[in-house]
Amino acid sequence: MTSIAYGFWDGQTADLRTGNTSLPAGWPELEGFDFFNQGNPIRAFIGDRGFLVFDDSVCLIDAFRRQMEMAAQQSCGKCTPCRIGAPLIRDALASYAQDRPGPLDLDGIIELARQMTDSSLCGLGRTAPVALLGALTHFRADVEAEIAQAQPLPAQHGMEYMTAPCIEACPSKINVPRYIDYIRDGKPSYSLGVILQKYPMAATCGRVCVRFCEMACRRALVDEAVGIKTLKRYVADHQQGPNALRFTRDLISRPLPPDMRVAVVGAGPAGVSCAYHLLLHGYHVDILEALDEAGGMAAIGIPSYRLPKDVLHSETDIINSLGGRFLFGQAMGRDFGIDELFARGYRAVFLGLGCQEGTRMGVAGEDQATSGYETGISFLLQVHDHIAGTRKTELSGDVVVVGGGNVAMDCARSALRMGAERVHLVYRRTRADMPADPSEIAAAEEEGVIFHPLLNPTRVLLADGRVTGVELVAMRQTEVDAKGRRGVEPVPGSEQLMNCDTLIAAIGQTVQSGAMRPEDGVKLTRWGWVEINPFDLATSRPGVFAGGDCAFGPSTLIHAMANGLQAARSINDWLQLGHTSFFPRTHMRALLHSRKLLAADFAEVPVKREYRVHHPELDPEVRRTMFEEVEATISDEEAYREAKRCLRCYRIYSVVTERPIPEGAELS
Amino acid sequence: MTPPSNTDPLILISIDGQTLEALPEESILACARRHGIYIPSLCELNDIDHAPGTCRVCMVEVASQDQASAPLLAAACVTPARPGMAVNTHSRRAREAQRLQVELMLADHNQDCATCVRHGNCELQDVAQFVGLHSNRFFDRSRAMGRTVDRSSPAMVRDMSKCVRCQRCIAICRQGQTVDALVVTGTGLDTAVGLHHGLSQAESTCVTCGQCVLVCPTGALGERDETDRVLDYLFDPEIVTVFQFAPAVRVGFGEEFGFPVGTNVEGQIIAALRQLGADIVLDTNFAADVVIMEESAELLRRLGERRRPTFTSCCPAWINFAERHYPDLLPLLSSTKSPQQCLGVIAKTYLPERMGIDPARIRVISIMPCVAKKDERTRPQLQLANGMREVDLVLTTREFARLLKRRGLDLRNLTPSTFDNPYMSAYSGAGAIFGTTGGVMEAAVRTMYRIVNGRELEHTEVTPLRGFEGLRTAAVEVGGSVGTVKVAMAHGLGPTRELCERIRAGTADFDFIEIMACPGGCVDGGGNLRSKKAYRRNALKRRDTLFAIDRANGVRQSHNNPQVQALYRDFLEQPFSERAHQLLHTWYSDRSIAMTQTVKDVWDEITMSTTIY
């Protein structure tokens, strides 16, 4: 394990060059700091709260010049101290590095750095010079020694990384503060441009995302999290009609030869996202889809009152605009296998099959039910056909939905809309434990879904194969275990009956049986999912990559789209370089995450409370009867107001390394 | 989570040792100001509820009263007062931070102050003094001069080398006027204010209302200065200079020379113009009366044809707004030209005929409380058959003040004079009130009533029209075959947009609609004198003076203006005659801006955070 030579962190200094060997309490764990990538030692690390030098021959002036260069590049330019301070400090450090001292001496640099940290508007300016200030205050002799060398200082290797809690929380690493800034700036098309750098389905994500970003939002420390999803939907919906932002083929700066073909299996969010990025890289991409429409779970698993089909399809159509092809009605396992794909000339394959088969509860009577029993996903398929008008399903009487996830909520709310008199939602844990999005839980409750937490099905009651009810057992929470979690256990003798006409088990999903065959040569996990290397999404078969639900189990749209991007990057590397490569920013994130370096602590200066804008929503009584979209887009004025709430919690982290940090194949 | 209620306990804070009461969520700056404590500030403009917290000049030192933690610097404009807070507005640390901020702001600021339109009236100069600035270490002329200057518009100049990025212009354009033409462009040191989609001012969705100029703290925004061209005309013996000044100019100009707000300085302006060497001094009020003759006749004709509603067409920023943003509504606009243009065209046809002057020698120069009038002058459809412009130059009230100073004239030293032109300078009270919201409507009602009933309206002052809300409606009994006329009046483009949307949606039921693009009407138009740290404070006083001018006038209806009567008798015959139609009516065209972008355009422009992985 590496050791610190000297450093400054959270206001405290350490200098082990003097023989002292102890570090102040609360300093970052240094495990993982030895090497940035294989054989490339980290010489110094600079963060938002200080810096750590591992190799005492590191040139501080150059290291801080790099940090301030990033700050100057990324400064939004709104507030005075950061806009001007960052470039002035950078230029002064660069002058010193070139042994041509400029007009600003070290005291001048300190004055400007302090002005930045004390008075900048956002986290970027307030934190970028903290480490520099620490060095100039506590290690000034080292800096002066570098200056005294009276020759140009060596330029060092390394990388700088700017992020924010919301960016880190987002599986797709969307630059959230940047797109919110563009709304403030009056340029929503630029906001959409930021999102489109990561995935094509912005309006879809703006409607159904589970919002990891908002859970990480530091604005919650003042009042409420910024309505990031609401704003995403606003910028996406803003681009409709004649003036919509258009995708054109000239986006593809380097089209590849016609034989550079990639097959994407599954037109869900993972497949569409992967195809989108491959197309932008110049590949020729076909998406093979078992159904007759694009969107995967977003099309069949999310009801239209949350995600209208025209919105989804306007986004999946981007694939066509970029020259990609959808081949519908092509089911893997039935119509083709992986060998056939390679035989057809595809150079690589992305598997985005999804998890299409509902998990069964494994209780008595379940397998004997001939009608009135559905898994969550099979029911949502019925809902889809009902709305599409291809097959009407009318419900009546009581419906019991088992499960506490988003699929369960979707089933319950859809059942109301299809005529159920009462919809009961049964869940084995407490309401607080439900994994569904809290806003979905609240919407279901408002619309009249009756919640029954701490109940678990034990038997399906049947009459001539028809479901007539379900036997349930009450559950209770167990004591907190060693990991701090509370389980549940059945309460003996608490069995009870609940009559119903329809029982929907929305407790999980798995890959469609028969889709993956042994001859495909792709290993599966014990859950029946495709086994992948989490770093590059490669499967056990060379040239085959996988992502989304079929690789990770049922998960979110945003995870699937993030996988699509990651796989596109790996496929590009694999086809261009013959191997997948190191992702420097991914590694930097892992470093920040594992050491908890991205602090969620709060700036001490108070901030005015301004509560968030909410989507205009219809009355629940009206809502529960309709499949049209129940939320409207916010107005321009509301969008400006909401965008102003973002605190821009940017932070810059940089490393100085022994050797250059490798990048993957060059991207268009 | 619920917003705080009004029953929250008192918030007591200390500012500079005084214990003061703050309102819930009130900023330190607002609280200090309310209690008479001064904190230097720049970007904030309370009158338009604008506190972006970007200039960072209003830094104060904040501690908890129990001194539990080290004092912090905070921007007073955006930091809320919290119970137990101890604020120091002038500690050494606060003062140094304030001073350094202004010094940093000057790093890329064009400091050719002597050549600046805001010289001596600049909020940045003020704040530099207030923070005690004594050095300018970071100024780099090349950095300042590299910033954009947009001179494409005939009306306005946007000089980003003087922009302090306060974003007041964006706020007034976006929230105030709902035109939303402006965006923040660039990042870091390149940050500036520009037009949507990188368009030039002339080609953008801007309607040149000039409200942004009124709120700009520096000389970054201003009218295109044409005082030199006026001087050229004045000193050219071949040229006959004809001046006109708008109804609102006489009540919004005296402040520049120390008269109380709202003083009527009509006589002084006439005297000043004579001193400058003006050959003929006319009154736009006269043309306002002519406009009423034409517009009333036009309105009654359209009502007879059941075409409704009809919009007024006096305001050039409104015309731009309709052409740029609501081209589908253009058939609803009155075809009558604005008073400025009516005066210009009559001064180049009727007047030379009466006075025996060669019309080719005449140059018409307007003095207007308006920036858009400069733009209107250049409209291709507003020229005479021989290709001459109807109006040759337009000076804003601000340029007129500059012109007088260049000639060493002080309004206070001038003996008020009177109009002496027997053809085009008399005006009625109706013409005088054109300068305020509802004035055009009231003037038109007075004349319509006469046309319909053959007698004058009993109560000349139509008080139901005289409110000051942004959008007002009334039903006016005109009688006769016309009956009740449903009218609406909007001032400010926010209420105007609201009305336009209602008309588009088919939910509005009006016969006649008066629009003035500037909030308050011409008395607070974008060409008026600038104030510092204030917006729209003088509209009501100026308006009262206009109403007083009307009241004091022996002639209160446009049709009773003897010079107007002579104009029709001797030249135009009657409103809407063939000649009147040819000279006093115009047409409009769809000038909407197509703003389409491709993802490639946008990606090429996004300069930050393009790193995907």
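Me: Which residues are exposed on the other side of H17(B)?
Reply: This is a predicted model. In it, B:Glu501 and B:Ala505 are the exposed residues on that other side of H17(B).

Me: And which residues of H17(B) are buried?
Reply: The buried ones are B:Leu493, B:Pro495, B:Thr496, B:Leu499 and B:Cys500. They lie on the same side of H17(B), because the arc they cover around the axis is only 155 degrees.

Me: What covers those buried residues of H17(B)?
Reply: The cover includes helix H10 (316-325) of chain B, together with strand E16 (471-479), strand E17 (483-491) and strand E18 (512-516) of chain B.

Me: What span should H17(B) have?
Reply: Helix H17 of chain B, residues 493-505, has 13 residues, and at 1.5 Å a residue these should span 18 Å. The end C-alpha atoms are 18 Å apart, so the two values agree.

Me: What follows H17(B)?
Reply: B:Gly506 comes next, and its phi is positive, near 75 degrees.

Me: Moving to strands, how do E8 and E9 of chain B run?
Reply: Strand E8 (residues 182-185) and strand E9 (residues 192-195) of chain B run antiparallel and are joined by four bridges.

Me: What about chain A: in what order do the strands of its open sheet come?
Reply: The five strands are ordered E9-E8-E7-E10-E22 (chain A), with parallel pairing. Strand E9 (325-328) and strand E22 (544-546) of chain A stand at the edges; each has a single partner strand, so one side of each has no neighbour in the sheet. On average, neighbouring strands of this sheet are turned by 20 degrees against each other, direction ignored.

Me: How many bridges join E8 of chain A to E9(A)?
Reply: Four bridges join strand E8 (residues 284-289) of chain A to E9(A). Within this pair, A:Asp286 has A:Arg325 as its bridge partner in E9(A).

Me: Which strands does helix H22 of chain A lie across?
Reply: Helix H22 (residues 557-577) lies across strand E7 (261-265), strand E10 (348-351) and E22 of chain A, and runs at about 165 degrees to E10(A).

Me: Last topic: how many residues does each chain give to the contact?
Reply: Chain A gives 51 residues and chain B gives 53 residues. On the side of chain A that touches chain B, the largest share, seven residues, comes from H2(A). By class, that side has 19 nonpolar, 16 polar and 16 charged residues.

Conventions: Residues are numbered from 1 along each chain as its sequence is written. Chains are lettered from A and ligands numbered from 1 in the order in which they are written. This is a predicted model: local features need pLDDT of at least 70, side-chain atom pairs count only at pLDDT 80 or more; totals for chains, interfaces and linings use all residues. Two residues are in contact if their C-beta atoms, placed from the backbone, lie within 7 Å. Helices (H or I, at least four residues) and strands (E, at least two) are DSSP runs, numbered from the N terminus. Ala, Val, Leu, Ile, Met, Phe, Trp, Tyr, Cys and Pro count as nonpolar, Asp, Glu, Lys and Arg as charged, and the others, Gly among them, as polar. Two strands pair if DSSP finds at least two bridges between them. The expected span of a helix is 1.5 Å times one less than its number of residues. A residue is buried if 20 or more other C-beta atoms lie within 10 Å of its own, exposed if 12 or fewer, and partly exposed in between; C-beta atoms are placed from the backbone. The arc is that of the directions from the helix axis to the C-beta atoms. Axes are lines fitted to C-alpha atoms, for helices over the stretch in contact, and angles run from 0 to 180 degrees between N-to-C directions.
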